[in-house]
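This report describes the architecture of one protein chain. Please keep the sequence and the structure at hand while reading.

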Amino acid sequence: MQQLILTQPDDWHLHVRTGDMLKTVINHTARQFARAIIMPNLQPPVTNTEQALCYQQEIQKATSSAYEFTPLMVLYLTNSTTIEEVKKAAESAAVYAFKLYPAGATTNSNQGVTDLQAIFPVFEAMEKYHLPLLIHGEVTDAEVDIFDRERLFIDQKLRVIHQSFPTLRIVLEHVTTREAVQFVQEAPPNIGATITPQHLLYNRNAILVGGIKPHYYCLPILKRETHRLALVEAATSGNPKFFLGTDSAPHMQHLKENSCGCAGCYSAYGALELYAEAFEQANALDKLEGFASFYGADFYELPRNTKKITLEKTDWQVPASYSIAKGLQLTPLKAGETLHWKLKD
């Protein structure tokens with residue numbers, strides 16, 4: 001196959017930051033995707049509808065007029081989130097979900113939730129107003145092995161949330177384990193999951209073999225090969241519970257290549273090409289359109305896109321870095337390597 005024509009997809013999990021970083025990365029997404037769920041973990045986080053509207057305007061201003069792109073905003077759950085805020089979000093035309101970060105789980109999550117039981121009234125309001133709960137599913141107990149944090153979150157936290165609020169729409173984001181796949185498969189239709197390109201393409205050897213490679217470090221961390229294979233099977237299965245969410249997370253190069261390097265892989269520059277590589281390796285290119293273009297829109301109860309995009313079987317080299325401002329650089333996933341599919345402009 002030399003050409004792949006797809007309905008224009010959406011990215012259901014995206015970080016674009018603010019300021020100069022936003023201006024650098026947003027058009028990488030907008031040239032591929034019609035819509036994207038925008039993560040709210042800025043500093044300070046986006047915790048109310050008014051902030052979300054301001055952030056949406058900043059994104060729209062930074063997006064080239066050459067693209068038709070809609071940022072779908074998300075509010076950051078804290079211990080102080082109110083039922084009234086849920087109602088305001090539901091009545092707005094901008095906010096599409098709330099994001100649960102367990103405090104300390106990942107980048108800019110320090111203001112996240114420390115007591116799930118305390119915000120159960122907020123979950124009840126979200127269930128009432130039909131707003132999805134997006135979850136970074138990891139426990140943060142210091143004694144828990146980092147490779148077990150997702151599995152234990154599902155067993156200890158997620159099952160309780162689902163049992164307490166059985167009709168609440170939930171997206172378990174960036175799933176990384178066989179256990180997460182199994183939970184979503186066995187759950188009712190109101191529970192879905194996003195899968196990133198890095199978790200489809202790599203296992204934990206990519207971080208550790210031959211020296212520590214910080215640009216492959218993300219949270220949840222890459223897992224064993226058995227888990228990667230479970231993710232590939234889920235993504236290519238045609239099961240509508242699993243859909244595209246890059247979790248593309250840009251960080252300055254000097255903050256990644258650091259004695260305490262931050263977590264996140266920057267994949268938005270070539271997200272569709274990366275997914276195409278993973279699906280081709282699995283001999284499942286015919287399943288890519290559903291995963292990328294249909295299932296996420298269906299879960300969020302939004303119309304499917306109608307425009308088409310074309311991927312061509314063409315080798316091209318990923319840039320070593322992208323310039324941000326004042327000499328600062330952003331290193332992409334697969335920097336300097338060759339990709340075998342290319343989005344046609």
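## Basis of the description

Helices (H or I, at least four residues) and strands (E, at least two) are DSSP runs, numbered from the N terminus. The model is predicted, and local features need pLDDT of at least 70, side-chain atom pairs count only at pLDDT 80 or more, while totals for chains, interfaces and linings use all residues. Residues are numbered from 1 along each chain as its sequence is written, and side-chain values use heavy atoms, with hydrogens and water left out.

## Overall architecture

The chain contains twelve helices and 15 strands. Its C-alpha trace spans about 50 × 45 × 40 Å along the principal axes. For 345 residues, a compact globule would have a radius of gyration near 20 Å, and the value of 19 Å for the chain agrees with this. The radius is taken over C-alpha atoms, and the globule rule is 2.2 Å times the number of residues to the power 0.38.

Of the 345 residues, 59% count as buried. Buried means under 20% relative accessible area, exposed over 50%, and partly exposed in between (1.4 Å probe, protein chains only). Among contacts with a separation of 6 or more, 74% come from residues 24 or more positions apart; contact means heavy atoms within 4.5 Å.

## Packing of H3 and H4

Helix H3 (residues 83-91) packs against helix H4 (residues 120-129) at an angle of about 25 degrees, and their axes are 9 Å apart. H3 is therefore roughly parallel to H4. Axes are lines fitted to C-alpha atoms, for helices over the stretch in contact, and angles run from 0 to 180 degrees between N-to-C directions. Angles under 35 degrees count as roughly parallel, over 145 as roughly antiparallel, 65 to 115 as roughly perpendicular and the rest as oblique.

H3 passes H4 in a right-handed crossing. H3 contributes Ile83, Val86, Lys87 and Ala90 to the contact, and H4 contributes Pro121, Val122, Ala125, Met126 and Tyr129. These contact residues of H3 and H4 comprise eight nonpolar, no polar and one charged. Ala, Val, Leu, Ile, Met, Phe, Trp, Tyr, Cys and Pro count as nonpolar, Asp, Glu, Lys and Arg as charged, and the others, Gly among them, as polar. A crossing is right-handed if the near helix is turned clockwise from the far one by less than a right angle, and left-handed if anticlockwise.

## Packing of H1 and H2

The axes of helix H1 (residues 19-30) and H2 come within 9 Å and cross at roughly 60 degrees, so H1 is oblique to H2. The crossing of H1 and H2 is right-handed. On the H1 side the contact is made by Gly19, Leu22, Lys23, Ile26 and Asn27, and on the H2 side by Glu58, Ile59 and Ala62. The contact of H1 with H2 has four nonpolar, two polar and two charged residues.

## Backbone features in loops

A cis peptide bond joins Gln43 and Pro44, with omega about 0 degrees. Pro44 lies in the loop between strand S3 (35-38) and helix H2 (49-62). The peptide bond from Leu219 to Pro220 is also cis, with omega near -5 degrees, and Pro220 lies in the loop between helix H8 (205-208) and helix H9 (225-235).

His174, a residue other than glycine, has a positive phi near 40 degrees. His174 is found between strand S7 (170-172) and helix H6 (178-186), in a loop, and counts as buried at 1% relative accessibility. Lys326, likewise not a glycine, has a positive phi near 55 degrees. Lys326 belongs to the loop between strand S12 (322-323) and strand S13 (329-330) and is exposed, with a relative accessible area of 83%.

Thr194 lies in strand S8 (residues 191-195) and counts as buried at 0% relative accessibility. Leaving out residues up to four places away in sequence, Thr194 touches several residues, including Trp12, His13, His174 and Phe243. Thr194 and Phe69 are 125 residues apart in sequence and 20 Å apart in space, C-alpha to C-alpha.

Pro303 is placed in the loop between helix H12 (288-299) and strand S10 (308-312). At 59% relative accessibility Pro303 counts as exposed. Apart from neighbours within four places in sequence, Pro303 is in contact with Arg35 and Ala297. Leu229, in helix H9, is partly exposed, with a relative accessible area of 45%.
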